[in-house]
Amino acid sequence: MVIDLLGHPFMQRALIAAFVTGLAAPVIGTYLVQRRLALLGDGLGHVAVTGVAIGLLTGFAPTWTAVVVAVLGAVAIEVIRERGSTSGDLALALLFYGGLAGGVMITGLAGQSAARLNQYLFGSITSISLSDIWFTIGLAALILLVGVGLLPQLFSVAQDQDFARVAGLDVRAYNLLVAVLAAVTVTIAMRTVGLLLVSALMIVPVAASQQLARSFRATVVGAVLVGAGAAVGGLLLSAYVSVRHDVSVAPGPTIVLLALACFVATWPLGAWLRHRARLREPFPEGAVAPLEATDHDNHDHGPACGHLAVPHDDHVDYVHDGHRHARHGEHYDEH
Amino acid sequence: MSTSRPGGSDPVVELRDGAVAIAGRPVLRHLDLTVHAGEFVTLLGPNGSGKSTLVRALVGLRPLTQGSLRLFGTSFESFRDWHRLGFVPQRSSAASGVPASVTEVVASGRLTRRRILRPAGRADRAAVASALELVGLADRAGDSVATLSGGQQQRVLIARALAGEPDLFFLDEPTAGVDLPNQQALAEALGALSRAGSTVVLVTHELGPLEPLVDRTIVLRDGRVVYDGAPLHLDDAHGHHHPSPRRADHHPGVVAPLDRPGEEVAW
């Protein structure tokens, strides 16, 4: 039945839109998480509501007015943050409320129903037009190109602003670039998951990916895989459930919940790996006094004793009851 | 006033009558400082004396409200040779919101020499590898920095500055909160740099294993230079910059209620 569905042009368009959005959004999301601005996308999503409403009021394509207003909002947030007069999260909160309230009010002024606005708030991927597809692909390509091409610069700026400035990088320009790209991402993801869930597609794949990644590049690659997978998988899942059970399951929330499921699946694994890495970490040399073997023993450690064995240089340490040590003559060396 | 090494007499840092104010409050006043090529200079002084602010002013992170700064003979406004500067900011951690491998953090120090939108070349990778080698973290190259101890993270930040192969280093409290073995590893790395002819300006509270490297000590107090000359034993420096037990004006007078009145608190 889903196979039948795949034959429909609207479904093919939706799949392309979901795939490229899922590919692009986590790239920018990684930089936002690195700068601890995970909620920036949400703030921009709310601002974009006003942009959509202005489009409905003036008759311009809401996608374009949303891009313009979201970019202006992104610049405003950066300026406020840089001036430092208002804290970043307060600036975000002001934009949240102003954007949403303005959007709902202007939609009313435009004489449009709430249902029209709902398309943008919760996404309407299956009603996406061919020109929208080209628009989405173009912007996603731009985001991927800049986000991957400038990775060393953007990484350094987000990692340590002071260092980046002394390295001669224009920190303000790069910060603005990330904010503007986040605004663009918000507007392309608007049709897929909706403005209220936009940020989830940028942030949740990163949260899932960083549980297992040890490097920034691996985090980006993992997040892109989770993002694209969740977007396509969520769309197919919602279509399947809708057809099979004759209910209407919106694709946007399904995509977000699927991404969250990835996080729920990777988190315990990541926590276990981190725990294991800590156990294997060597103590500083000579930090712990050796323990007399006579104080310790009810058995000799060995491959069969069941305690965690950690290879350490030329010997094997055993971890148990707050010790991590190896037998050395008549005593145990703590490592 | 400066004790330059033989053959290294070009001034690499020249600050004339420099002043810095933070939020309108003067932190550095009428400061003259010349550092010559190849010198190893330490900046000492109590908290709030302006050591960190001075280093931040010298790398351009704090604008001068007065005076002029020249680096390598070029006025700071037209200075573009960022690859000649190595900066180790005062940070407790090299980690951020997303995991980053040791190599990635160190490689960001190479950006001063890389062109935009070009992949890292063989020279870039070799510089990163030798920087990691010098701080003794080559075996941790692929690990996430967040899993390293504080002292190791500090060494990562130093390797990041080394990767750009600069000849002038500014280090802001690299030994703060670092255990002795890590301080020793750090001292070895800085010693190797200094022997290779690099100029080092180091802000610190405690010299520890770095002490034998120092050519020249500058002691700041309330934003002014109060001593500039041959290395002091830290005890001497302490006596020097605490001539009286009165508190510096930057310290809020926070006293616990149980402190007996009239008893002077040692800061």
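Trainee: Which residue in strand 5 of chain B does Arg70(B) stand opposite?

Mentor: Arg70(B) stands opposite Ser75(B). Before going on, note that this is a predicted model, in which local features need pLDDT of at least 70, side-chain atom pairs count only at pLDDT 80 or more, and totals for chains, interfaces and linings use all residues. Residues are numbered from 1 along each chain as its sequence is written, chains are lettered from A and ligands numbered from 1 in the order in which they are written, and side-chain values use heavy atoms, with hydrogens and water left out.

Trainee: What makes strand 4 and strand 5 of chain B a pair?

Mentor: Two strands pair if DSSP finds at least two bridges between them. Strand 4 (residues 66-71) of chain B is joined to strand 5 of chain B by 2 bridges, so they count as paired. The two run antiparallel. A strand here is a DSSP run of E with at least two residues, a helix is a run of H or I with at least four, and both are numbered from the N terminus.

Trainee: Which strands are the edge strands of that sheet?

Mentor: The open sheet has 4 strands in the order 2-1-4-5 (chain B), with antiparallel pairing. Its edges are strand 2 (25-36) and strand 5 (74-75) of chain B, since each pairs on one side only. Chain B as a whole has 6 helices and 10 strands.

Trainee: Why is Gln183(B) called buried?

Mentor: Buried means under 20% relative accessible area, exposed means over 50%, and partly exposed lies in between (1.4 Å probe, protein chains only). Gln183(B) has 6% relative accessibility, which falls under 20%, so it counts as buried. Gln183(B) lies in helix 5 (residues 180-195) of chain B. Leaving aside residues up to four places away in sequence, Gln183(B) touches Thr175(B), Val178(B), Glu206(B), Gly208(B) and Pro209(B); a contact means heavy atoms within 4.5 Å. Of the 267 residues of chain B, 51% count as buried.

Trainee: What makes Arg160(B) and Asp160(A) a salt bridge?

Mentor: The rule asks for a side-chain nitrogen of Lys or Arg within 4 Å of a carboxyl oxygen of Asp or Glu. In this pair the closest N and O atoms are 2.8 Å apart, so the pair meets the cut-off. The pair crosses between chains, from Arg160(B) in helix 4 of chain B to Asp160(A) in the loop between helix 8 (151-159) and helix 9 (161-166) of chain A. Arg160(B) counts as buried at 1% relative accessibility, and Asp160(A) is buried too, with a relative accessible area of 4%. Across the interface of chain B and chain A the rule finds 4 salt bridges.

Trainee: Why is the pair of Arg110(B) and Glu165(B) said to tie parts of chain B together?

Mentor: Their closest N and O atoms are 2.7 Å apart, and they form a salt bridge. Arg110(B) lies in the loop between helix 2 and helix 3 (122-134) of chain B, and Glu165(B) in the loop between helix 4 and strand 7 (168-172) of chain B, so the pair ties together parts that are 55 residues apart in sequence. Arg110(B) is buried at 6% relative accessibility, whereas Glu165(B) is partly exposed at 46%.
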